[in-house]
Amino acid sequence: METVYPVATFKVPPRPLLPSIKSDVTSFRFLHSHLRNKQLEFQNHGFSSQFIFRCSACSKFLVSQSEHERLKCAQQLFDNFPNRDVISWSALIAAYSRCGNFAQAFGLFQKMVGEGLQPNGFSLASLLKVSSSTGEIGLSRQLHGWSIRTGFGLDSGIRAAWITMYSRCGVLEDAQRVFDETSLLALDILLWNSIIGAYIFHGCWVEVLRLFCKMVSVGVVAPTELTYASVVNACGSSGEEKYGAMVHGRIIKAGLEATNLWNSLVTFYGKCGNLQHASQLFERISRKDVVSWNAMIAANEQRGEGENALGLFRRMLKVEPPVQPNRVTFLSLLSAVSGLSALRCGREIHAHIIRLSLEVDTSIANSLITFYSKCREVGKAREIFERLLLRDIISWNSMLAGYEQNEQQGRCFDIFKRMMLSGIEPDSHSLTIIFNAASRDSSGLIYFRRGKEIHGYILRRITPGGVSLSVSNAMLKMYAKFNRIADAEKIFKGMKNRDSYSWNAMMDGYSRNAKFEDVLMIFLDILKQGFPLDHLSLSILLTSCGRLVSLQLGKQFHAVVAKLFNGQDCPHQDSLLSINNALISMYSKCGSIKDAAQVFLKMERKDVFSWTAMITGCAHHGMAVEALQLFERMKTDGIKPNQVTFLALLMACAHGGLVQEGSYYFDSMYNDYGLSPSIEHYACMIDLFGRSGQFDRAKSLVEFGITLFKPYHDDILNLWKVLLGACHASKQLDLGVEAATKILELEPEDEATYILLANLYASSGLWEDAIKVRKTMRDKGLRKEVGCSWIDTGNRRHIFVAGDVCHPQRKEIYEKLARLNYSCRRMGYVPMTELVLHDVDETEKEAILGCHSEKLAVSFGLLNCGVGNGVIRVMKNLRVCEDCHSWMKFASLLEKREILLRDSQRFHLFRDGSCSCGGYW
């Protein structure tokens, strides 16, 4: 039965009782409808004014659409007032001010004054605070002057509003002036809190602490909970744990135990990294609210304790009385699961978010996009992005980063284009991401070209402040990665500021482009500029030594590492791990596998890159069995191999002739680890089958690889080139001609293919065909790469070519070589004249073989590296020929010296008449 409320008996209380600010709008609508029906809507101005204030204030707890509806409702009620008083006007002005709508609030203020009403301090203070949102300091100053003229200059609340207004306008000096103009005895807590809040707003933490000390020393007013909370937050943001602990002591002494104050203390200790204190305080809070839980969850997340953060969340859901998580809770939790890549936990948190209807919140959606992207669920991230109604720049950047991290460069550029078309201007983070995506280009420079176009866009729209450091670094990395070293230098030299990343990127660019002198110059510049050498700098330097194949220089930088990072001054464990991995790689590439093994064995911690570097080193040095043993040890240690690990294994099998083992590991990649073989893995298997004479299997694998990698032109070429190399080594004419034909159809200017094809014809006695191929090369202007060998002695590198007569010691070198040739022949060495693919007599063929560059380098080494001075280390840019390989065996036995030769394929260690390759190279 409907309840009837007679008009005569319905009494309005002196202070109307309305629903609280946090009440649902339904309560207001019901009450408003009831008042309208009973004709009491405008009988009491106090009641109606409070109704406007409460109804509009409710907007602060609602989303933007409902907020507009609340204000509209309040405005309609106000417009229908027959007689408006100061309270009515002030209520609506405050409502618009609270929602940041200065234009409406100021318009109402002008109308109010125009109607002859004197605004009260409440409406004026609200308007002053929101006036800063316009960015017009002149308007704020006018309001300041008007409030003085109308007699509000001594009102403490108005003066506090002036401080807030000037602070938010960015004129902190004027805010301080207002504060200083007030005598110390007249400074109440409102003014102290306002000036402290002003400095907190500008991040001036030291000044906040100075003001607090002054306030305490003056002693006119005692700090309130708000004061303490503000100062504690300042201590946390500035990392002043000692000072914050002193403030904590004052709080205890004052006997303040408000939950919001203890929440601030938990946050403070969390920011300072003192989780133990934060946890102790958290447990002592008797009435924990959602802010308490959020503070503790965030503290754990920020210190990398993601598991603890998730445990706190589970505990939060079980407490009594129940505490409902909010958007801040989920932002911390999503950051925690992103760091852990915990997909299952993240999905559970996502379910909670959906149940609480928080997925529409832009910040929450952005965090979900980041989380799913880091868990390689970029498709799910895209779904959330597409459902998001209000996207901000962070939303676009999160999606861009997701595609970039998952190496989906095409979609990354598509999203960037869509962002531009939608009218969103990219910020420095957007540009950094897109240049990083271009740096990952493996599609024939398509995305690199797009990156250059975006660089042009930046140059056209460059601001007076220039490009940010992060964007400059990303462009520098992109150009260096694709061997555009001149462009990289231009960017580097044009940078106003440089950080360690800038120096490292430039140094890495020089290293990639074999400009090793420039690498060393950058290293010296880093020292001159006073930048610290970080683990990346040292890793790049060691990698450069490996590319330069300079063992002596590598050892010098190893000494630098030992000096900088000794046991008492050790960097972060990840940094030390990175340096050790670079050392293993450097020693392996420089031919000192023993030194590499020593570094490896001394490492307290090893990751997949450590094991892979050591396996790769063994593979290049012909230690196939040792490489496989290392892999088994790696599995025993619980380290999961990656694609590069398997590439090293297959290389070891190919260099060791281990066909059965290679086939097993190739199948194991996908069957046991879910790793799809890349073009490089197929190339290794083709090489393995070709070296072992199984050309049918090699050709079948090429054909299968073509169907698998058909869209990629370069990949098909690589497969045929590997097969051609195997055919050349085994004199397989027909298959070799077929492979060469396929290559030249796709790349007619490939000089290496013409050379191998000509040699293949010549070795089969088809001289006319060989001559035709060489004539085609000449007609096309193609030239064979000149073979050379080099050896380091002292601080100099000595380079030799076949028949070299330019070296200062040429007489001594040729005399030594003649003696070696004579002695080797007596021991059984026979020159392989059939390898000279020219139609000349045997004597001339022997003369050609006798002065190959590697023989000259070895002779020089024997002359200048005295007896017992270690291994003779020779490097060659091309594959060593069979004759020189045979000659080296005899030379090592004759001279009783180890000779280490690194050609374009691998290392050969000649010792006592045998080679480490076992005949496979």
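Helices α18 (residues 327-340) and α19 (residues 343-355) of this predicted model cross in a left-handed manner, the near helix being turned anticlockwise from the far one by less than a right angle. They pack at an angle of about 160°, with their axes 9 Å apart; axes are lines fitted to C-alpha atoms over the stretch in contact, and angles run from 0 to 180 degrees between N-to-C directions. α18 and α19 are therefore roughly antiparallel (over 145 degrees). Helices here are DSSP runs (H or I, at least four residues), numbered from the N terminus. F330, L333, L334 and V337 of α18 meet C345, G346, I349, H352 and I353 of α19, contact meaning heavy atoms within 4.5 Å. By class, seven of these residues are nonpolar, two polar and none charged, where Ala, Val, Leu, Ile, Met, Phe, Trp, Tyr, Cys and Pro count as nonpolar, Asp, Glu, Lys and Arg as charged, and the others as polar.

Residues are numbered from 1 along each chain as its sequence is written. Local features need pLDDT of at least 70, side-chain atom pairs count only at pLDDT 80 or more, totals for chains, interfaces and linings use all residues, and side-chain values use heavy atoms, without hydrogens and water.

Conventions:
Helices (H or I, at least four residues) and strands (E, at least two) are DSSP runs, numbered from the N terminus. Angles under 35 degrees count as roughly parallel, over 145 as roughly antiparallel, 65 to 115 as roughly perpendicular and the rest as oblique.
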